[in-house]
Amino acid sequence: MAESTPTYHMLIVEDDADVAQALQDFFELQGYRVTHAPEARKALELLTNAHRFDVVLLDVMLPDRSGFEVLEEMRRRGLETPVLVLTGRGEREQVLQGFGLGADDYIVKPFDPDEVAARVRAILQRTQPPDRAPMQIYRIGDVEINFSTHEAYRGSERINFTAMELNVLRYLIHHRGEVVTREQLLRDVWHIVGDVETRTIDRHIASIRKKIEPDLRQPRYIETVYGKGYRLRAEDQSTNSPPTSR
């Protein structure tokens, strides 16, 4: 997976080997890093032994303990990892029990993997920091950027962004309308803290502008806020719709 998209680490807690393998294959094809636990004991061990997960798919019917007990234990231990409960039970009481214990969403078997994926994306959108939340397609002027495939087009013309340029652009999009300082970009995109040379940021901004701005002499989208940093002035044009056909 290109560096412009975070690699989300998913824990699948499911005792049915076929269901677990199908989910693992499906999400790995979408770029997720996936770990599987077939029972509650293993799941809790993974969750508490320095493993960081971005989301958990948790089956209710497990061989040693119920998924609800796992969820309750997670929250008791202060583990706030988002949880999507998978179950064959769709009764209202079961749904309310899951939410009452701290589940983020709930889906009843049999399910469509695409629906599970959509719910996972929604959970990550709500729970991840702005620069890590998943984003599908964004349009700035006549440029369409697909952050899932790491492709950009102006009409039928392919525009090549580097991985770091996409990281910077993603960050500006999530903070659109706000002044983003060079220090913020160094800290949150480059993961550098301290007093260091920031001309590399200006070079990346200049390169991005060449690819999205109609007139470099009067930038329309990325504004320089002198003495502070940059601000993306584009309106919110994000979408989950399919990209325009070429």
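The questions and answers that follow concern salt bridges, a helix and paired strands.

Visitor: How many salt bridges are counted in this structure?

Guide: The structure is a predicted model. Side chains of opposite charge can pair when their charged atoms come close. A pair is counted if a side-chain nitrogen of Lys or Arg lies within 4 Å of a carboxyl oxygen of Asp or Glu. By this rule, the number of salt bridges is 18.

Visitor: With which residue does R77 form a salt bridge?
Guide: R77 has a relative accessible area of 39%, so R77 is partly exposed. The closest N and O atoms of the two are 2.7 Å apart, and the partner is E73.

Visitor: In which helix do R119 and E115 lie?
Guide: The side chains of R119 and E115 meet in a salt bridge, with 3.0 Å from N to O. R119 is partly exposed at 25% relative accessible area, and E115 is partly exposed at 35%. The two residues are four positions apart and thus separated by about one helical turn; the helix, residues 113-127, is α5.

Visitor: Which residues are linked with E39 in a network of salt bridges?
Guide: A salt bridge needs a Lys or Arg on one side and an Asp or Glu on the other. The network that includes E39 is made of such salt bridges, and the residues linked with E39 are R41, K42 and E45.

Visitor: Why can the buried residues of helix α2 be said to share one side of the helix?
Guide: In α2 (residues 40-48), the buried residues are A40, A43, L44, L46 and L47. They are on the same side of α2 because the arc they cover around the axis is only 160 degrees.

Visitor: Which residue in the turn between β6 and β7 has a positive phi?
Guide: Strands β6 (residues 137-140) and β7 (residues 143-146) run antiparallel and are joined by four bridges. In one of these, Y138 has I145 of β7 as its bridge partner. The strands form a hairpin with two residues between them, and the residue with a positive phi, about 60 degrees, is G141.

Visitor: What phi does G227 take in the hairpin of β11 and β12?
Guide: Strand β11 (residues 222-225) runs antiparallel to β12, and four bridges join them. V225 stands opposite G229 of β12. The hairpin has three residues between its strands, and the phi of G227 is positive, near 85 degrees.

Visitor: Which residue in β12 stands opposite V180?
Guide: Strand β12 (residues 229-232) is also joined to strand β10 (residues 180-181) by two bridges. These strands run antiparallel. Opposite V180 stands Y230.

Conventions. Residues numbered from 1 in each chain as written. Predicted model: local features only at pLDDT ≥ 70, side-chain atom pairs only at ≥ 80, totals over all residues. Heavy atoms only, no water. Buried < 20%, exposed > 50% of the residue type's maximum accessible area, 1.4 Å probe, protein only. Pairing = 2+ DSSP bridges. Arc of directions from axis to C-beta.
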